[in-house]
Amino acid sequence: MLKLFNTLTRRLELFKPINEGKVGIYSCGITAYYLPHIGNMRQYVVQDLLKRLLIHNGYSVKHVQNVTDVGHLVSDADTGDDKLRAEAKKEQKSMKEVAEFYLNIFMKDMDELNIIKPDVMPKASEHIEDMINLIKELENKGYVYKADDGMYFDTSLFRDYGMLTGMDAKELSQSLMEGARIGKKEGKRNITDFCLWRFAHGDEKEMIWGSPWGKGFPGWHIECSAMSMKYLGEHFDIHCGGIDHIQVHHTNEIAQSEAATGEKFVNYWFETNFLTVNGAKMSKSLRSIYTVSDVLSKGYTAMALRLFLLSGKHEQTLNFTFDALKDAQNSLDGIYAFIRRMSGIKRSGDEINEVFMREISESAKSFFAAVEEDLNLPEALSAMYSIISKTNQRHESGKLSKKEADHIIEIMLDIDSILGLRLSIQKEESALSDSAKNLIEEREAARKAKDFEKADSIRDKLLNEYGIVLEDAEEGPTWHKKAKGF
Ligand SMILES: [Zn+2]
């Protein structure tokens, strides 16, 4: 029974899909004009966990995540340049080239972090027609007015404006002004009004389209409404994003979508909190903005970063430090070594100790119960570590049977279908080649013949050339492959 904290109701709610067995998810994707950093990647890793959990629970999931390649203006107040247009000018490239460059890096980072690719990744620039139609609909219903630089949405006409924030329109305006996110602007009827269609300036040529209101380009907010409703329907299950979008972007998405359709837009709003670095907001001046490749180039693995990014509760901030990442790397290496050790258990016999296996399956149940409770990862991970430590104890006392080990691997792989730490690769890689098998037998013979020098040299060879660690036990040697870790 999955429970999610819903920003809309500010409560933990039991998840119920609109259509039985199916879930539609929309994620606000990147605005492709800068290098994505690990703070951006946190929300996509957390959303990936949510998606994997839904798949694990038997739902057929349709996941849509847009790419903003036009229309995202520099400020929340809909003033200033298009972010991508500004970057293109700076880099002396076309907007298309800029968007492609950063999107490629983002896709590579998603791959590195083992994030399942969304089913649809619509680009804003390829859905202009859908956005124009949506604005026309809003215009027919009387929500649209013209200002100097574009067509605007009149937020005072939408009764529940700001519902996602828990504030009424007046309180929200006040809060935005105080946060300096939005100020008064000439020609705007209300502080919270936002641009649906921005008129082209004289020198703007690229990413400019004709429309009933003249040449120009769409606003950022209308993009997400048009593309989510196109692919998921006018009413869908889960909308994801960062908490920084609650007051403006997501609030505006709700207003324009519900104003156009007259129906509820989204049932569950799932927002992920920020990643801080060394306890502070990431910042250029503190040089505390790290990308995935920065982390990899320091020798950490992408899966250790994934494990770290998953380690907090999604509605709380998570603090990144290299010490914390090092801990995550050590934990991951430990998990990998465990899987390899379990795959190498040779002890024959079919015995299953009921009491032991019951304890293990209790811990597995605790893992799933914790993730179903609004993705409580700290608790879920501690349940998984208890499976590992209980099993290691049994293994060290020489009691673990092959059958038990096989069963535990199955449980760990089931857990990993949600965590996505690529544990199955550890299992596959732990299979031995024939030459390694022969060496292990040769060494065993040498050991029995008390030729310890030869036995030791074969043992070194196995470690250095095959990465195989031998552990001598009463019933014969066990082995595992060294994890390619830190
Ligand atoms: Zn969006």
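This is a predicted model: local features need pLDDT of at least 70, side-chain atom pairs count only at pLDDT 80 or more; totals for chains, interfaces and linings use all residues.
Student: How many residues are in the largest nonpolar core?
Tutor: It has 117 residues. Those with the most contacts inside it are V45, I135, L138, L196, A304 and L305.

Student: Which helix gives the largest share of this core?
Tutor: Helix α1, residues 38–56, which supplies nine residues.

Student: And what does L305 touch?
Tutor: Leaving out residues up to four places away in sequence, L305 touches I38, L113, V292, V295, Y300 and L325.

Student: What does the second core include?
Tutor: That separate core has seven residues, including I440, A455, I458 and W479.

Student: New topic, α16. Which of its residues are buried?
Tutor: A455, I458, R459 and L462. They cover an arc of only 100° around the axis, so they sit on the same side of α16.

Student: What is exposed on the other side of α16?
Tutor: E453, D460, N464 and E465 are exposed there.

Student: What span should α16 have, at 1.5 Å a residue?
Tutor: Its 15 residues, 452–466, should span 21 Å. The end C-alpha atoms are 20 Å apart, which agrees.

Student: What comes just after α16?
Tutor: G467, with a positive phi of about 65°.

Student: Now S173. Where does it lie?
Tutor: S173 is in helix α5, residues 169–178.

Student: Why is S173 classed as partly exposed?
Tutor: Because S173 has 19 other C-beta atoms within 10 Å, and a buried residue needs 20 or more.

Student: Which residues is S173 in contact with, neighbours within four places aside?
Tutor: I191 and T192. The C-alpha atoms of S173 and D193 are separated by 10.0 Å, and these two residues are 20 residues apart along the chain.

Methods:
Residues are numbered from 1 along each chain as its sequence is written. A nonpolar core is a set of buried Ala, Val, Leu, Ile, Met, Phe, Trp, Tyr and Cys residues joined through C-beta atoms within 7 Å. A residue is buried if 20 or more other C-beta atoms lie within 10 Å of its own, exposed if 12 or fewer, and partly exposed in between; C-beta atoms are placed from the backbone. Helices (H or I, at least four residues) and strands (E, at least two) are DSSP runs, numbered from the N terminus. Two residues are in contact if their C-beta atoms, placed from the backbone, lie within 7 Å. The expected span of a helix is 1.5 Å times one less than its number of residues. The arc is that of the directions from the helix axis to the C-beta atoms.
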